[in-house]
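Here are some friendly notes to read with the model open beside you. Take the points one at a time, and find each residue as it comes up.

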Amino acid sequence: SHYLFVVDQTYSRILIFDKADRITNGQPAFAVIGQGTFDFGSANRTNPAPYAESLHSPADLFVDERGDLYVADYGNNRVLVFLDPLATDFAADSVFGQNNSFTSRTANLGGIGPSSLRGPLSVAVDLERNVYVADALNNRVLIFFDPLNTDLAADRVLGQGDSFASSAANPGGVSAGSFNQPYRLRLDPSGNLYVTDINNSRGLIFNSPLEDDGV
């Protein structure tokens with residue numbers, strides 16, 4: 001079967017529709033992530049702190065070829081990974097941006113660096129399981145080399161030169177290597193990276209972003 005995953009940001013949930021290859025008008029979702037039932041839509045299920053089964057204004061998602069689900073959980077300043085959730089459960093298995101804690105939501109926890117996030121708006125994964133995150137309020141894109149098999153610290157940064165400690169919008173002025181809130185990112189089959197740089201009113205393309213000069 002084919003499945004359609006939909007980010008329902010206002011209700012802090014993800015809806016999953018079955019038979020997406022022949023979906024019909026008015027077809028109800030068959031599963032929900034982030035809420036206990038279809039009848040609720042509160043951030044973190046009304047809890048003050050998040051946890052592995054909750055979401056707060058999720059902004060984007062990506063499902064890789066293995067069926068693993070990555071969610072940019074914007075309001076909780078984190079990215080969640082659900083390993084094959086349709087075959088297992090709807091509790092996240094890994095978390096980026098919160099020092100491995102599912103109950104923290106601090107922006108730039110411990111100070112801005114390769115392991116921190118502030119308002120992530122988009123996430124994508126390539127065929128080698130490298131993870132790309134639009135860390136919007138830090139005005140950067142982070143790239144993690146096979147993080148589920150290594151660590152959850154970014155290995156490359158775009159938009160801030162080579163510095164993981166900077167978060168300025170357009171540092172040094174608008175350029176081919178700067179962002180002002182990267183909004184969405186996607187990869188093509190050749191590994192080229194496409195980023196909508198929303199407050200600069202443009203889209204940027206990075207050829208071979210794993211190896212190039214970051215512009």
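1. Let us start with a pair of neighbours: Asp 21 forms a salt bridge with Arg 22, and their closest N and O atoms are 3.4 Å apart. A salt bridge here is a side-chain nitrogen of Lys or Arg within 4 Å of a carboxyl oxygen of Asp or Glu. Asp 21 is partly exposed because its relative accessible area is 46%, whereas Arg 22, at 53%, counts as exposed. (Buried means under 20% relative accessible area, exposed over 50%, and partly exposed in between, with a 1.4 Å probe and protein chains only.)

2. A word on what you are looking at: this is a predicted model, in which local features need pLDDT of at least 70 and side-chain atom pairs count only at pLDDT 80 or more, while totals for chains, interfaces and linings use all residues. Residues are numbered from 1 along each chain as its sequence is written, and side-chain values use heavy atoms, with hydrogens and water left out.

3. How many salt bridges does the structure hold? There are nine. Side chains of opposite charge can pair when their charged atoms come close. Another of these pairs joins Asp 18 to Lys 19, with 3.7 Å between the closest N and O atoms. Asp 18 is partly exposed at 21% relative accessible area, and Lys 19 is partly exposed at 38%.

4. Now look at Asp 60 and Arg 186, a salt bridge whose closest N and O atoms are 3.0 Å apart. Asp 60 belongs to strand β4 (residues 60-63) and Arg 186 to strand β12 (residues 182-187), so this pair ties together parts that are 126 residues apart in sequence. Strands (E, at least two residues) are DSSP runs, numbered from the N terminus. Is Asp 60 buried or exposed? Asp 60 is buried, with a relative accessible area of 6%, while Arg 186 is partly exposed at 34%.

5. Salt bridges can also be followed as a network: Asp 64, Asp 68 and Arg 129 are linked in this way.

6. For a residue of another kind, turn to Leu 80 in strand β6. Leu 80 counts as buried because its relative accessibility is 0%. The C-alpha atoms of Leu 80 and Leu 55 are separated by 9.2 Å, and the two residues are 25 apart along the chain.

7. On the surface, which residues form a nonpolar patch? They are Tyr 3, Phe 30 and Leu 86, with about 270 Å² of accessible area together. (Patches are made of residues with over 30% relative accessible area and no salt bridge; nonpolar side chains, namely Val, Leu, Ile, Met, Phe, Trp and Tyr, are joined within 5 Å. Accessible areas come from the Shrake-Rupley method with a 1.4 Å probe.) Tyr 3 lies in strand β1 (residues 3-8) and is partly exposed at 38%. Leu 86 sits in the loop between β6 (78-82) and β7 (94-96) and is partly exposed at 35%.

8. Of its 16 lining residues, Asp 126, Leu 127, Asp 188, Pro 189 and Gly 191 are the closest to its centre. (On a 1 Å grid over the protein atoms alone, a pocket is an open set of points where a 1.4 Å probe fits, with protein on both sides within 12 Å along at least five of seven lines; lining residues have an atom within 4 Å of a point. The volume is the space filled by probe spheres set on the points.) The lining divides into eight nonpolar, three polar and five charged residues.

Terms used. Nonpolar A, V, L, I, M, F, W, Y, C, P; charged D, E, K, R; others polar. Patch = residues over 30% accessible without salt bridge, like charges linked within 9 Å, V, L, I, M, F, W, Y side chains within 5 Å. Helix = DSSP H or I, 4+ residues; strand = E, 2+ residues; numbered from the N terminus.
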